[in-house]
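Here is a short tour of charged pairs and a helix face. Please keep the model open beside the text as you read.

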Amino acid sequence: MTTKELRRIKIKQRVRKHIYGTAERPRLTVFRSNKQIYAQVIDDTTGKTLAAASSIAMTEATPKKEQASKVGELIAQKSKEAGIVAVVFDRNGYLYHGRVKELADAARKGGLNF
């Protein structure tokens, strides 16, 4: 592992000590790779994923920030269909900046409260 990955994992562990998703308010977590971005809504009490969205299915070539925005809208839509309106946001050790911020803003615009 590189030092950048180790840094993110350390931050992730520090953040996850405090962030916990329940059935009433599940955790919205983000994973960002170099090419894709993924979002999941997770109930930590049962360990189940309630809703998920990613940029893998997007075939048209769009900038990564726009992809993140579309994934944010998609996760908000899927969460509403599952009856979820309030979540706890888990940035997963990434800085709240760029693609992670775009996803969060789009999810808020889509109707999720966090």
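Helices (H or I, at least four residues) and strands (E, at least two) are taken as DSSP runs and numbered from the N terminus. By that naming, α3 is followed by Gly111, whose phi is positive, near 120°. Before going on, please note that this is a predicted model, in which local features need pLDDT of at least 70 and side-chain atom pairs count only at pLDDT 80 or more, while totals for chains, interfaces and linings use all residues. Residues are numbered from 1 along each chain as its sequence is written, and side-chain values use heavy atoms, with hydrogens and water left out.

Let us stay with helix α3 (residues 99–109) for a moment. Its buried residues (buried means under 20% relative accessible area, exposed over 50%, partly exposed in between, with a 1.4 Å probe and protein chains only) are Arg99, Val100, Leu103, Ala104, Ala106 and Ala107. Seen down the axis of α3, these residues fall within an arc of 165° (taken from the directions from the helix axis to the C-beta atoms), so they line one face of the helix. An α-helix has 3.6 residues a turn, so residues three or four places apart point the same way. What covers the buried residues of α3, with contact meaning heavy atoms within 4.5 Å, includes β1, β2, α2 and β4.

Now to the charged pairs. A salt bridge here is a side-chain nitrogen of Lys or Arg within 4 Å of a carboxyl oxygen of Asp or Glu, and the count comes to 6 salt bridges. Among them are these:

| Pair | N to O distance |
|---|---|
| Asp44 and Arg27 | 2.9 Å |
| Asp90 and Arg27 | 2.9 Å |
| Lys70 and Glu60 | 3.5 Å |

The salt bridge between Asp90 and Arg27 links distant parts of the chain, with Asp90 in strand β4 (residues 88–90) and Arg27 in strand β1, 63 residues apart. Asp90 is buried too, with a relative accessible area of 1%.

In the pair of Lys70 and Glu60, Lys70 sits in helix α2 (residues 64–81) and Glu60 in the loop between β3 and α2, 10 residues apart. Lys70 is partly exposed at 33%, and Glu60 is partly exposed at 41%. Finally, salt bridges that share partners join Arg16, Arg27, Asp44 and Asp90 into one network.
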